[in-house]
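Here's a quick briefing for anyone meeting this structure for the first time.

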Amino acid sequence: MPLTVKRLGRTFFAEVSGVDLSQRQSDATIAEIRAAWMEHGVLLFRDQKLTDEQQESYARRFGDLEHNLRDDTRYVAPLGNLNPDGTIRDPNSEQSRFLRANQLWHTDSAYFAAPAMLSFLNGRVVMPEMEKGETQWCDMLAAYEDLPQAKKDEIEDLIAWHDMQTSRKVTGRKLDEVEREKWPPVLHRMVRIHEETGKKIMYVGSQATCVVGWPEAKSRKLFIELMQHATQDKYVFEHKWSQWDFVCWDNRRVCHRQRPWDEAKYPRVMYRSTVAGTGPDVIDGKGVDEYARFQALKSKARESVAAE
Ligand SMILES: [Fe+2]
């Protein structure tokens, strides 16, 4: 059965049908999905009943995976409001406040020098009667392209600190000493070059803390201005979850946030896998041309296949 790709958003977000991701896909199908992904930024596959193993093996087709934030041995992480025994967790617990930062606009793993490339989320525990709890994505490419040229010029060469503590401050969760050491602030370009499309895209989010060389207040004003621009309705797509929806997005292009829901009443667990970034976008304080690096990696991979 051929793949069908239907755009649901104005500038991005498409639904893909005609594929069962629990089965191993051919290289041609993976290439087709990847091409659709690069065009639409976010892909929705409905009714994908995946086990951890199936989700992991599908995600690995797109690159190396980040391991679970809390467990170095796992690559599929449950994100939700259930305790290990299946009861609903106290919404005021440390873990709930840590995860509530997902309700702020962000890209995944901005706290790594090589931030996440792609994310996969499988809605395994979703109650049909649950109200709210949608996920929203905004198209940072379309938003960047619509910026006035003067603003594009202003941010072109800026580099900013991103810090996990910055978003957790908002949700009232201070990083402990071990976490602080594990996830120190990192630098990212404010305008990154997309590795696969070569397009310029602004990179901001709730972990953006301070532009290098700028006072904090001036930096914050710029971050707010850019995010207010990027999260206008015309750049945002909201998805209401059904059980077994599988949504995959490109962190190099979009920001996302989870909308609140009644956490004390409805269980909700999404299983996430993440393809790791291929390298830092800032080295020795200077911005990297990520497109050039990715193309070099691709041709190196082609050469080694040819030599086998
Ligand atoms: Fe996220």
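Asp284 is found in the loop between strand E16 (282-283) and strand E17 (286-287). This is a predicted model, and in it the phi of Asp284 comes out near 50 degrees, a positive value in a residue other than glycine. Most residues other than glycine have a negative phi.

- Asp284 has 6 C-beta neighbours inside 10 Å, so it counts as exposed.
- Trp244 also isn't a glycine, and its phi is positive too, at about 75 degrees.
- You'll find Trp244 in the loop that links strand E12 (236-239) to E13.
- Trp244 has 15 C-beta neighbours inside 10 Å, so it counts as partly exposed.

**The chain as a whole**

- There are nine helices and 17 strands in the chain.
- For 308 residues, a compact globule would have a radius of gyration near 19 Å, and the chain agrees with its 19 Å.
- Along the principal axes, the C-alpha atoms fill a box of roughly 55 × 45 × 40 Å.
- Buried residues make up 36% of the 308 in the chain.
- Take the contacts between residues at least 6 apart in sequence: 80% of them join residues at least 24 apart.

**Strand E15 and its partners**

- How many of the eight residues of strand E15 are buried? Seven are, so the strand, which covers residues 268-275, is largely enclosed by the rest of the structure.
- Strand E4 (residues 77-80) runs antiparallel to E15, and four bridges join the two.
- One of the residues to look for here is Gly80, whose bridge partner in E15 is Val269.
- Strand E5 (residues 118-126) pairs with E15 as well, again in the antiparallel sense, over eight bridges.
- On that side, Val126 has Arg268 of E15 as its bridge partner.
- As background, strands of a sheet pair through backbone hydrogen bonds, either parallel or antiparallel.

**A three-stranded open sheet**

- Three strands in the order E8-E7-E11 make up an open sheet with antiparallel pairing.
- Strand E8 (186-189) and strand E11 (208-211) are at the edges with a single partner strand each, so one side of each has no neighbour in the sheet.
- From one strand to the next, the twist averages 40 degrees.
- Strand E7 (residues 159-162) and E8 run antiparallel and are joined by four bridges.
- Within that pair, Ile159 has Arg189 of E8 as its bridge partner.
- Helix H8 (residues 216-230) packs on this sheet, where it touches E7 and E11, and its direction makes about 125 degrees with that of E11.

**A closer look at helix H8**

- H8 has 15 residues and reaches 21 Å from its first C-alpha to its last, close to the 21 Å expected at 1.5 Å a residue.
- Which residues of H8 are buried? They are Leu222, Phe223, Leu226, Met227 and Ala230.
- An α-helix has 3.6 residues a turn, so residues three or four places apart point the same way.
- Ala217, Lys218, Lys221, Ile224, Glu225 and Gln228, on the other side of H8, are exposed.
- The cover over the buried residues of H8 includes strand E6 (135-139), helix H4 (140-145), strand E10 (200-202), E11 and strand E14 (254-258).

**Helix H1, from end to end**

- Helix H1 (residues 27-40) has 14 residues, and its span from first C-alpha to last is 20 Å, close to the 20 Å expected at 1.5 Å a residue.
- The buried residues of H1 are Ile33, Trp37 and His40.
- Looking down the axis of H1, you'd see its buried residues within an arc of 85 degrees, so they line one face of the helix.
- Asp27, Ala28, Ala31 and Ala35 sit on the other side of H1 and are exposed.
- Strand E1 (4-7), strand E2 (14-17), strand E3 (42-45) and strand E13 (246-250) are what the buried residues of H1 pack against.

Note on methods:
Residues are numbered from 1 along each chain as its sequence is written. This is a predicted model: local features need pLDDT of at least 70, side-chain atom pairs count only at pLDDT 80 or more; totals for chains, interfaces and linings use all residues. A residue is buried if 20 or more other C-beta atoms lie within 10 Å of its own, exposed if 12 or fewer, and partly exposed in between; C-beta atoms are placed from the backbone. Two strands pair if DSSP finds at least two bridges between them. Axes are lines fitted to C-alpha atoms, for helices over the stretch in contact, and angles run from 0 to 180 degrees between N-to-C directions. Two residues are in contact if their C-beta atoms, placed from the backbone, lie within 7 Å. The radius of gyration is taken over C-alpha atoms; the globule rule is 2.2 Å times the number of residues to the power 0.38. The expected span of a helix is 1.5 Å times one less than its number of residues. The arc is that of the directions from the helix axis to the C-beta atoms.
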